[in-house]
Amino acid sequence: MIGIETIIIMLIMIAIGGVLICAGVFFMPVGGAPAAMSTATGIATGCEMMATGAGITGLLMSAALYGQPSYIVILNAGISSAIMMCITMFVANLIAVFGKGVPPALATVDRDPVTKENVKPYVTPGTVGHGVPTASYVSGAIGAFLGGIGGALTFIPILRIALYECITPELAIDPSKLLGSLAIDVGYQHVPLFVLAGISALAMYFINANIAAYSIRGVIEGWWDPKFKRLPKTALTCFIASLVFGILVALLLNSEAFIYVLRLIGGG
């Protein structure tokens, strides 16, 4: 069974992860359907798909580095998510510039917050910007980095608790094992446990991205956008929602029936 200290650490990691996913969504330039018609700044997709797309990349990196200390897994998950989002934004700009013939331009500010360039002359009348300007690009990279870290903070504790319960059921799970390097041998038979942790982390992305989407209600350009001021209240909501999610996960991982199933599928 899981000790109370281990449960508390897991809940803290999951709750912080949820807040980071929420913050990441607010940083990303989400354009939705208007961006597909080049009438709004950002990428032509919703908050959920943006967060999940970047998050899956981070989760794949987390799974690849599962045995490393947690800080290495978390950092690399954030970096890989940021790289994925940078490539996505670059391709979106190629389509906007060379496919549609419109320059990247912001609408909520007169000058680009990063380059300080006057962007107003480039905004097409009747639109609220188009493409992914420099500031939105930087903001998106930051958002994906935060989202990747948030997903890893959910993936790591769930995977490691499941692995220890499956491989070493006779030993109590030391809280330090959630943060240090993995000291047990993992084989192909434990792949279902990785799937369990991955699905749980994806659930966190969808939960927190949906909450953020309801707060944003449309498009957002980056940290300078007026809608960004809604982040504190939304982050608090995501913290509570993630904490509830973590409690449900803790109850599941403490269930004797579920532990028995883990050992069966893990060859224990």
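**Cavities, pocket and helices**

Guide: A search over the whole structure turns up 2 cavities of 30 Å³ or more. Keep in mind that this is a predicted model.

Visitor: What is the volume of the second largest cavity, and which helix gives the largest share of its lining?
Guide: The second largest cavity has a volume of about 30 Å³. Its lining is made by Ser62, Tyr66, Val73, Phe155, Ile156, Leu159 and Arg160. The largest share, 4 residues, comes from helix H5 (residues 134-167).

Visitor: How do the residues of that lining divide by class?
Guide: Arg160 and Ser62 are among the lining residues. By class, the lining of the second largest cavity has 5 nonpolar, 1 polar and 1 charged residues.

Visitor: Now the largest pocket: which helix gives the largest share of its lining?
Guide: The largest pocket has a volume of about 210 Å³. Of its 13 lining residues, Ala35, Ile43, Ala44, Ala92 and Ile95 are the closest to its centre. Helix H2 (32-36) and helix H4 (70-99) are the elements that give two or more residues to this lining. The largest share, 5 residues, comes from H4.

Visitor: How many residues of the largest pocket's lining are nonpolar, polar and charged?
Guide: The lining of the largest pocket has 13 residues in total. They divide into 8 nonpolar, 4 polar and 1 charged.

Visitor: Let's turn to the helices. How far does H7 reach from its first C-alpha to its last?
Guide: Helix H7 covers residues 231-253, which makes 23 residues. At 1.5 Å a residue, 33 Å would be expected. The model comes close to that, with a reach of 32 Å.

Visitor: At what angle do H1 and H7 cross?
Guide: Two packed helices are described by the angle between their axes and the distance between the axes. For helix H1 (residues 4-27) and H7, the axes come within 8 Å. H1 passes H7 in a right-handed crossing, and the angle is roughly 145°.

Visitor: How many residues of the contact of H1 with H7 are charged?
Guide: The residues of this contact include 19 nonpolar and 4 polar.

Visitor: Is Phe27 buried or exposed?
Guide: Phe27 lies in helix H1. The C-alpha atoms of Phe27 and Gly147 are separated by 9.7 Å, although the two are 120 residues apart along the chain. The relative accessibility of Phe27 is 15%, and the cut-off for a buried residue is under 20%. Therefore Phe27 counts as buried.

Visitor: How far apart in space are Ser176 and Ile9?
Guide: Ser176 lies in the loop between H5 and H6, and at 45% relative accessibility Ser176 counts as partly exposed. Along the sequence, Ser176 and Ile9 are 167 residues apart. From C-alpha to C-alpha, the distance is 9.3 Å.

Visitor: Which residue follows H6, and what is its phi?
Guide: Helix H6 (residues 191-216) has 26 residues and reaches 37 Å, close to the expected 38 Å. Most residues other than glycine have a negative phi. The residue that follows H6 is Arg217, with a positive phi near 55°.

Visitor: Is Arg217 buried or exposed?
Guide: Arg217 is found in the loop between H6 and H7. Its C-alpha is 32 Å from that of Val195, 22 residues away along the chain; Val195 is in helix H6 and is partly exposed at 44%. With a relative accessibility of 66%, Arg217 counts as exposed.

Visitor: And Ser38, with its positive phi of about 60°: is Ser38 buried or exposed?
Guide: Ser38 is not a glycine, yet its phi is positive. It sits in the loop between H2 and strand E1 (40-41). Because its relative accessibility is 9%, Ser38 counts as buried.

Conventions. Residues numbered from 1 in each chain as written. Predicted model: local features only at pLDDT ≥ 70, side-chain atom pairs only at ≥ 80, totals over all residues. Heavy atoms only, no water. Expected span 1.5 Å × (residues − 1). Axes fitted to C-alpha atoms, helices over the stretch in contact; angles between N-to-C directions. Left-handed = near helix turned anticlockwise from the far one by under 90°. Nonpolar A, V, L, I, M, F, W, Y, C, P; charged D, E, K, R; others polar. 1 Å grid on protein atoms, 1.4 Å probe; cavity = no way out; pocket = protein on both sides within 12 Å on 5 of 7 lines; lining within 4 Å. Points joined across faces, edges and corners; volume = space filled by probe spheres on them. Buried < 20%, exposed > 50% of the residue type's maximum accessible area, 1.4 Å probe, protein only.
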